[in-house]
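Please open the model in your viewer and keep a selection panel at hand. The stops below say what to select next and what is to be found there.

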Amino acid sequence: MSLTEKHADPNRLMDETEAADLLCYSVRALQNWRYRGGGPKFIKISARSVRYTYGDVMEWINQRRVANTSQAPNI
């Protein structure tokens, strides 16, 4: 499976390290967003296991896409 095919599945689960890498943020930032709100949707598998779907992370990114600095994100 190529890298493009791997990312094509919006339901593919990613751990927090992979999601943080995709977002170019730290794992700690994702942890803070989960606690405070504001980050991508996540799936809580167990008390210590969290996953993100590729589609949810991409949706979160796309909601923040703007054309200029005076435009507010569509969130």
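Predicted model: local features only at pLDDT ≥ 70, side-chain atom pairs only at ≥ 80, totals over all residues.

## Starting at a loop

Select S26 first, which at 40% relative accessibility counts as partly exposed; the classes are buried for under 20% relative accessible area, exposed for over 50% and partly exposed in between, with a 1.4 Å probe and protein chains only. S26 is found in the loop between α2 and α3, where helices (H or I, at least four residues) and strands (E, at least two) are DSSP runs numbered from the N terminus.

Residues are numbered from 1 along each chain as its sequence is written, and side-chain values use heavy atoms, with hydrogens and water left out.

## The whole chain

Zoom out and colour by secondary structure: there are four helices and three strands, and along the sequence they follow the pattern α-β-α-α-β-β-α. Taken along the principal axes, the C-alpha atoms fill a box of roughly 40 × 35 × 20 Å. Of the 75 residues, 24% count as buried. Among contacts (heavy atoms within 4.5 Å) with a separation of 6 or more, 41% join residues 24 or more positions apart.

## Two packed helices

Two packed helices are described by the angle between their axes and the distance between the axes. Select α2 and α3, which pack at an angle of about 105 degrees with their axes 8 Å apart; axes are lines fitted to C-alpha atoms, for helices over the stretch in contact, and angles run from 0 to 180 degrees between N-to-C directions. That makes α2 roughly perpendicular to α3, a class covering 65 to 115 degrees. Show side chains to see E16, T17, A19, A20 and L23 in α2 meeting V27, L30, Q31, W33 and R34 in α3.

## Salt bridges

How many salt bridges does a search of the whole structure find? There are two, a salt bridge being a side-chain nitrogen of Lys or Arg within 4 Å of a carboxyl oxygen of Asp or Glu. In one of them, R34 and E16 meet through their side chains at 3.0 Å, N to O. Since R34 lies in helix α3 (residues 27-36) and E16 in helix α2 (residues 16-23), this pair ties together parts that are 18 residues apart in sequence. R34 is partly exposed, at 22% relative accessibility.

Next select E18 and R12, whose side chains form a salt bridge at 2.8 Å, N to O. E18 is partly exposed at 24% relative accessibility, whereas R12 is buried at 14%.

## A strand residue and the core

Leaving aside neighbours within four places in sequence, T53 is in contact with P10, N11, R12, L13, M14 and I43.

Finally, select M14, A19, A20, L23, L30, W33, V50, Y52, Y54, V57 and W60, the eleven residues of the largest nonpolar core, meaning a set of buried Ala, Val, Leu, Ile, Met, Phe, Trp, Tyr and Cys residues joined through side-chain atoms within 4.5 Å. The elements giving two or more residues to this core are α2, α3, β3 and α4 (54-63). Centre on A19, which touches M14, L30, Y52 and V57, not counting residues up to four places away in sequence.

Terms used
Parallel < 35°, antiparallel > 145°, perpendicular 65-115°, else oblique.
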